[in-house]
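Subject: Structure handover and notes

Hello,

Here is the structure for you to look through. My notes on what was found in it follow below.

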Amino acid sequence: MGKNGFIGMALLCLAFAFNAHGEEKAFRAVPDNDGVQRVDVVGGSYFFTPKHIVVKADLPVELKVRKEPGAVPHTIVLRAPDAGIDFAMELDKEPKTVKFTPTKVGRYQFFCDKKLPFLESHREKGMFGILEVVAQ
């Protein structure tokens with residue numbers, strides 16, 4: 001494959017991964033049989049996957065969070081107590097579960113709050129995402 005063919009394939013792959021606004025496609029949580037919206041979240045080298053999570057208001061949510069292998073410490077933080085969402089925890093290779101029931105429609109940013117002196121924070125390096133709460 002020539003250089004132009006390779007570039008075309010790369011652009012095509014990017015088109016599938018990102019929407020027209022340059023954001024990753026949203027992951028829409030679907031309630032399980034017990035009514036809980038469950039999402040697996042991985043944090044790593046300045047990223048979260050999925051980066052955009054959509055859940056329904058007034059239904060319980062369980063995020064199973066973990067970090068990718070590596071020595072760099074990471075956290076996940078989301079502070080929106082007025083919406084029923086308020087957590088902060090260290091990420092580990094073993095999954096941890098965050099439970100909450102969002103009560104207010106809106107878009108809430110989650111992020112890693114780690115920062116070394118004189119360097120950009122993990123959040124500034126792109127380690128953040130959006131939890132979007134929609135009406136049922």
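A residue is called buried here if its relative accessible area is under 20%, exposed if over 50%, and partly exposed in between, with a 1.4 Å probe and protein chains only. On that basis, buried residues account for 35% of the 136 residues in the protein.

Before the details, two notes on sources. The model is predicted: local features need pLDDT of at least 70 and side-chain atom pairs count only at pLDDT 80 or more, while totals for chains, interfaces and linings use all residues. Residues are numbered from 1 along each chain as its sequence is written, and side-chain values use heavy atoms, with hydrogens and water left out.

Overall make-up

Read from the N terminus, the order is α-β-β-β-β-β-β-β-β-β-β. A contact means heavy atoms within 4.5 Å. Of the contacts between residues at least 6 apart in sequence, 63% join residues at least 24 apart.

Two strands pair if DSSP finds at least two bridges between them.

Strand 2 pairs with both strand 3 and strand 5. With strand 3 the pairing is antiparallel, over three bridges; Val42 stands opposite Thr49, and Gly44 has Phe47 as its bridge partner. The hairpin of these two strands has two residues between the strands, and Tyr46 takes a positive phi near 70° there. With strand 5 the pairing is parallel, through seven bridges, and Gln37 faces Val61. Six of the eight residues of strand 2 are buried, so this strand is largely enclosed by the rest of the structure.

The nonpolar core

A nonpolar core is a set of buried Ala, Val, Leu, Ile, Met, Phe, Trp, Tyr and Cys residues joined through side-chain atoms within 4.5 Å. The largest one has 25 residues, and Leu63, Ile85 and Leu131 have the most contacts inside it. Elements giving two or more residues to this core include strand 2 (37–44), strand 5 (61–67), strand 7 (85–90) and strand 10 (128–134). Not counting residues up to four places away in sequence, Leu63 touches Val39, Val41, Phe87, Lys96, Thr97, Val98 and Phe100. As background, nonpolar side chains in soluble globular proteins tend to be buried together.

Aromatic rings

Rings of Phe, Tyr and Trp (its six-membered ring) pair if their centres lie within 6.5 Å; planes under 30 degrees apart count as stacked, over 60 as edge-to-face and the rest as tilted. The whole structure holds two aromatic pairs. In one, the rings of Phe48 and Phe110 have centres 5.3 Å apart and planes at 75°, so the pair is edge-to-face. Phe48 is in strand 3 and Phe110 in strand 9, so this pair ties together parts 62 residues apart in sequence. Phe48 is buried at 1% relative accessibility, and Phe110 is buried at 3%.

The other pair is Phe87 and Phe100, with ring centres 5.7 Å apart and planes at 25°, so it is stacked. Phe87 belongs to strand 7 and Phe100 to strand 8, so the parts tied together are 13 residues apart in sequence. Phe87 counts as buried at 8% relative accessibility, and Phe100 counts as buried at 8%.

Charges over rings

A charge sits over a ring if NZ of Lys or CZ of Arg is within 6 Å of the ring centre and within 35 degrees of the ring normal. Lys51 lies over the face of Phe128, 4.2 Å from the ring centre. The charged end of Arg123 is over the ring of Phe111, at 3.7 Å from its centre.

One more residue

Arg107 lies in strand 9 and is partly exposed, with a relative accessible area of 48%. Arg107 and Gly129 are 22 residues apart in sequence, and their C-alpha atoms are 9.9 Å apart in space.

Regards

How values were computed
Helices (H or I, at least four residues) and strands (E, at least two) are DSSP runs, numbered from the N terminus.
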